[in-house]
Amino acid sequence: MSKTGKVFDMGLLKRVLSFVKPYKGRFYFTGFLTILLAFLGPIRVMLIGVTIDTFIETNNKDGLLYWASLVVVALVAEAILQFFQVYLANWIGQTVIKDLRVSLFNKVTAFKLKYFDRTPIGNIVARSISDIETVRDIFSQGILTIIGDILKLVVVVAFMLYINWKFTLLALAPIPLLFFATYIFKNAVRKAFTEERVQVGRLSSFVQEHVTGMSIVQVFNREKMEMKNFEAINKQHRAAHFKSIWAYSVFFPVVEILSSVSLALVVWWGVKEVLNEQATYGNLFEFVFYIYMLFRPIRQLADRFNVLQRGIVGAERVFKVLDTDAQIENTGTITEADIKGNIEFKNVWFSYIEGEPVLKDISFQVQSGKTLALVGATGSGKSTIINLLGRFYEFEKGTICIEGEDIRDYDLGVIRKNVAVVLQDVFLFSDSILNNITLKDTSISEEQVIAAAKAVGAHNFIMKLPGQYQYDVKERGAMLSVGQRQLLAFIRAYVHNPKILVLDEATSSVDTESEELIQHAIEKLTENRTSIVIAHRLSTIQKADTILVMEKGSILESGNHDALLKLDGHYKKLYELQFKNEP
């Protein structure tokens, strides 16, 4: 059952089918083939019956050859049409989920960072892969196949009634029991499928989280405990699948028994009718085939409806993400701007959790080409200022201006193009050094990357790597040291040539030798460029034009290094604490 409370949500199905519009020609043609196939099978069986009665019993060899040829032609035609119907149905399914996955990824990349703070990555992965795969089955095994099966049932019963109504009643005698068994099976499997999707999401989240945090698991000797947790989740995942397996293992034998009963009744009665010349051998053969055609679709219909239901449940999960209103509102009309780097915060307030402000009435200015440093304890609001400047989060009150214009009046792309952030925890993709620097921006040449690497002092270490700029750094840059990853982040910022540079504790996790290289890179990168630097090491920000000392979301002190030391306040205490052991 979907979360809307309906056993089958037609609204969701219509929404899924809306993705077929660009391919409606192929969809309608596939539907036409489905209808055609519903008639071809029963017609082929009727041809066999006519052949038996008209030509085999009369030993008419010429007529037998001709009608047997017609049966073969009908069979070949049915096989060819079946191939195209299956191929096109799967093609439509794969194409729709391709478009749906693109829409989903495009939506997710536009979300505010707050969404990712609250949503497990494994859930997003499950929505983007396994849930969308179930939507494909709506087309390959769902809606068209169900229509075809129902139509075939109607056609088969019509042919049976036309040939012999007594045989038909006998053949249909077990059908009420079959419908009852199908109803129970459908409900059991639907519940199993719904639970299965929940367990898939849990398993995906657990694996994603623990593979990413494997270093913590190993450092704290949690391997055995996490293995027990994984075994518990995996066992629940298996149990959810076993529920559907149990339902299938009971239902299919029941169908086979009922179809055998139907066949036995028809043969028992049919032989008597043939001997009494009330029916023909051809009629008997036709009904044997028709019973097979009758029970096979009925047996599959329950499965088809559950596949369709599973696809609808998967679609509901995907559409829930697509309908999530978590994007940064991009209504800015300024698409071209001569940004020099003048920044102003005016009475800015912000909360991650409503009622718990992280920034309280923050105001400051940074002039073009100047450097602003932010210092303070963890949680004082330093990184939040960066997130608001790049519009990764939306502030609640106040104004943030660049070149005197509210940042919300700029197109989001203009802001992101002119503001570059180098984080303490550098993220690198499993790709080459070159692609990690350019982010596959074709407007940035390899020559520009090499020139930037030389400028920040990273060219030498890159040239020593196998493959040099084509060296694959593996997932998250695992093949490089922390300092080397930081240098690549500087090159990345350098080649994108931002007007405003943000450095978030870029030297806090590196050794002394790497720090010297990084300090050189920082000097090169901040040259003639507005810079905002967050640092715990006060030695790295002494040359900053302005230093803001922050605590609990407020600015305690403001000034340059010398001015703040003269205040004999919070900054001086931090300075003395860090340098008390130095001569």
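Entry 1. I located Glu557 in strand S10, residues 554-559. The model is a predicted one, and I read the entries below accordingly.

Entry 2. I asked which side chain of opposite charge is nearest to Glu557. It is Lys573, 8.0 Å away. Glu557 is buried and has no salt bridge.

Entry 3. I listed the contacts of Glu557, leaving aside neighbours within four places in sequence. They are Ile547, Leu548, Val549, Leu564, Leu567, Gly569, His570 and Tyr571.

Entry 4. I followed the pairing of S10 to S9, where 5 bridges join the two strands in the antiparallel sense. Glu551 has Ser554 of S10 as its bridge partner. The two strands form a hairpin with 2 residues between them, and Lys552 in the turn has a positive phi of about 50°.

Entry 5. Ile547 in S9 is the bridge partner of Ala373.

Entry 6. I turned to an open sheet of 4 strands, antiparallel in its pairing and ordered S2-S1-S4-S5. Its edge strands are S2 (356-366) and S5 (405-406), each pairing on one side only. Helix H11 (residues 382-389) packs on this sheet and touches S1, S2 and S4. I noted that its direction makes about 110° with that of S1.

Entry 7. I checked S1 (residues 343-353) against S4 (residues 397-402): they run antiparallel, joined by 5 bridges. Lys346 stands opposite Thr399 in S4.

How values were computed. Residues numbered from 1 in each chain as written. Predicted model: local features only at pLDDT ≥ 70, side-chain atom pairs only at ≥ 80, totals over all residues. Heavy atoms only, no water. Buried < 20%, exposed > 50% of the residue type's maximum accessible area, 1.4 Å probe, protein only. Lys, Arg positive; Asp, Glu negative; His and termini not counted. Salt bridge = Lys/Arg side-chain N within 4 Å of Asp/Glu carboxyl O. Contact = heavy atoms within 4.5 Å. Pairing = 2+ DSSP bridges. Axes fitted to C-alpha atoms, helices over the stretch in contact; angles between N-to-C directions.
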